[in-house]
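I set out to record what I looked up on strand pairing and on pockets. The entries follow in the order in which I made them.

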Amino acid sequence: MKLALVLHPTRDTSSEIAAGVAAAARDRGIEVAVSEIDADRVPVATPRGAKEALSADFVVAIGGDGTVLQAARIARDAGLPILGVNAGNVGFLAEVDPTRVGAALDALLAGEYRISPRMTLRAELPGGDAVDALNDVVVEKVLSQNVVGIAVSVGPQHLAEYRADAIIVATPTGSTAYTFSAGGPLVDPELDSLVLTAVAPHNLFGRAIVFGADTTLDLRVSSDRPARVNVDGRVQTELAPGEVVRVSRGPNPVRLVRLSSNNFARTVKEKFHLHDA
């Protein structure tokens with residue numbers, strides 16, 4: 001078996017945990033590869049060149065949920081499953097506690113895990129580029145003092161024109177991220193749907209809306225100010241007034257390794273410390 005490690009780019013704890021993962025893997029006869037840029041942080045792992053094809057059985061993300069998003073971009077096209085080791089705070093996507101790495105590797109070797117398929121989004125940008133997301137596509141204001149106008153259409157049907165700080169289109173996986181902070185609903189991540197949430201809307205109607213997974217949403221800049229498009233937290237482009245980004249289901253799901261049964265209620269209770277609620 002072979003693991004490809006993806007580390008948080010700067011966090012020292014990720015380096016320390018990765019060294020522990022590599023040592024535990026070596027004890028079990030598991031190969032470990034790491035990108036050339038992280039080779040000094042995990043000296044026992046085999047460096048992988050930037051242009052070298054990804055060859056592994058699992059991608060192991062070591063960091064917080066942001067690192068899992070980074071690993072998803074690497075693993076998605078290769079069709080590889082991702083195991084997240086949590087070196088961050090909340091860790092909805094990075095399930096494995098660093099103290100349980102040995103047990104997690106034993107479970108991988110024994111085949112005692114399940115694959116949790118996660119719906120993705122595709123954002124079609126002006127000019128023809130397309131970018132896929134595991135969490136969300138955000139169209140937001142560029143000028144901090146001013147809201148931006150964004151007209152939303154559902155297929156051919158105009159829905160509403162929002163004046164807001166941003167419009168978020170999230171997957172169920174992304175419903176625990178920016179969408180949640182903006183007042184959107186928590187959605188079981190193994191469902192398929194699109195969650196539309198306006199951030200600080202200057203509208204009488206500002207509730208989040210959940211659409212079916214095969215819905216296509218067009219977000220058009222309706223004000224005379226530009227907007228910015230972020231996909232999974234990474235800036236992609238600016239939209240000029242009148243330009244549109246189209247959001248729909250992505251072509252390939254992300255496959256997360258899960259070592260426990262799916263119990264969304266239990267996860268919410270643990271992550272949000274609702275034990276006394």
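**Strand pairing**

I looked up V152 and found that its bridge partner is A160 in β11. The model is predicted, so I noted the limits: local features need pLDDT of at least 70, side-chain atom pairs count only at pLDDT 80 or more, and totals for chains, interfaces and linings use all residues. Residues are numbered from 1 along each chain as its sequence is written, and side-chain values use heavy atoms, with hydrogens and water left out.

I then checked β10 (residues 148-154), which pairs with β11 in the antiparallel sense over 7 bridges. Strands are DSSP runs of E of at least two residues, helices are runs of H or I of at least four, and both are numbered from the N terminus; two strands pair if DSSP finds at least two bridges between them.

I traced the open sheet of 6 strands and wrote its order as β8-β7-β18-β15-β10-β11, with antiparallel pairing. β8 (130-133) and β11 (157-164) stand at the edges with a single partner strand each, so one side of each lacks a neighbour in the sheet.

**Largest pocket**

Of its 31 lining residues, E95, R258, S260, T267 and K271 are the closest to the centre. α3 (101-110), β6 (114-118) and α5 (264-271) are the elements that give two or more residues to the lining. I noted that α5 provides the largest share, 5 residues.

Notes: On a 1 Å grid over the protein atoms alone, a cavity is a set of points where a 1.4 Å probe fits but cannot get out, and a pocket is an open set with protein on both sides within 12 Å along at least five of seven lines; lining residues have an atom within 4 Å of a point.
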